[in-house]
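Have a look at the sequence and the fold, then read on.

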Amino acid sequence: MARNAEKAMTTLARWRAAHCNDGIKKEQERRPYLASECKDLRKAEKWRMQIIREIAKKVAQIQNAGLGEFRIRDLNDEINKLLREKRHWEVQIKELGGPDYSRTGPRMLDHEGREVPGNRGYKYFGAAKDLPGVRELFEQEPPPPPRKTRAELMKDIDADYYGYRDDDDGILLPLEQKDEQDDRELLIEEWKKKKDDKQPEPAAEGEEMETNQMHIPSQREIQEALLLRKKQELLEKYVL
């Protein structure tokens, strides 16, 4: 009995010692508060993967809309805090000679495969997108399409735009010729009509005799009349 008790005590002591050593080891391997304190590339990669697992766990939890508004907001804040911490570790990994995860890393997607929406770097996950005041952020009207520049508008302008190739289809030219012929015939008819209207009527016999008997002044009489009129104007101007 004493031997068995000693064995039991020895086993218990070993278990307690192992448990204490594990606790000390875990406490020693706690993730550093600042990423810049870690100078080992392998450990930096390890802490980054640990943060990614924590983010995945909390993203799965926040999908439950029954957690309540306050719990959902807390989870969303914790996820964003972990994302900032992950970026710090990625910067430290790059400085230690590791890969640049800011370029090669995947985009942050939700459980439906869509990119996580956010405002000024703050992301919303799962049920947090349906919280009061959050949905309105993503229901804004899309911006109007950008106006085309003059150079972009000129790209679509060619010879067809100015009608240079309209005569090549074989349809427009016959129509224009027909219209020109119709206009020509109409103008000829109008000219003939006006010509007929302008022809003088034959004068009566009495009027012709009266015209022949009218006195036509000679050139001398015209000059004398002009001279007399000039004298009369000078008298009125200087005498009167």
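K86 forms a salt bridge with E90, with the closest N and O atoms 2.9 Å apart (a salt bridge being a side-chain nitrogen of Lys or Arg within 4 Å of a carboxyl oxygen of Asp or Glu). This is a predicted model, where local features need pLDDT of at least 70, side-chain atom pairs count only at pLDDT 80 or more, and totals for chains, interfaces and linings use all residues. Residues are numbered from 1 along each chain as its sequence is written, and side-chain values use heavy atoms, leaving out hydrogens and water.

**Overall layout**
- The protein chain has 9 helices and 2 strands (DSSP runs numbered from the N terminus: H or I of at least four residues for helices, E of at least two for strands).
- Along the sequence, the pattern reads α-α-α-α-β-β-α-α-α-α-α.
- Of the 240 residues in the protein chain, 16% are buried (buried means under 20% relative accessible area, exposed over 50%, and partly exposed in between, with a 1.4 Å probe and protein chains only).

**Helix α3**
- K86 and E90 sit about one helical turn apart, because they are 4 residues apart in helix α3.
- Buried or exposed, K86 and E90? Both K86 and E90 are buried.
- E69 and R73 also pair up in a salt bridge, at 3.1 Å between the closest N and O atoms, and both lie in helix α3, 4 residues apart.
- E69 is partly exposed at 35% relative accessible area, and R73 is partly exposed at 31%.
- N76 lies in helix α3 too, which spans residues 69-95, and N76 counts as buried because its relative accessible area is 1%.
- A polar atom of the N76 side chain lies 2.9 Å from the backbone oxygen of K123.

**Other salt bridges**
- The whole structure holds 9 salt bridges.
- In helix α9 (residues 219-238), E233 and R229 are 4 residues apart, about one turn, and their side chains meet in a salt bridge at 3.9 Å, N to O.
- R229 is exposed because its relative accessibility is 57%, while E233, at 41%, is partly exposed.

**Negative patch**
- E176, D179, E180 and D183 gather on the surface in a patch of negative charge (residues with over 30% relative accessible area and no salt bridge, like charges being joined within 9 Å and nonpolar side chains (Val, Leu, Ile, Met, Phe, Trp, Tyr) within 5 Å).
- E176 is in helix α7, residues 172-198, and counts as partly exposed because its relative accessibility is 34%.

How values were computed. Areas by Shrake-Rupley, 256 points an atom, 1.4 Å probe, with all protein chains shown as cover. Lys, Arg positive; Asp, Glu negative; His and termini not counted. Charge placed at Lys NZ, Arg CZ, Asp CG, Glu CD. Polar contact = N/O pair within 3.5 Å; in protein donor to acceptor, adjacent residues only side chain to side chain.
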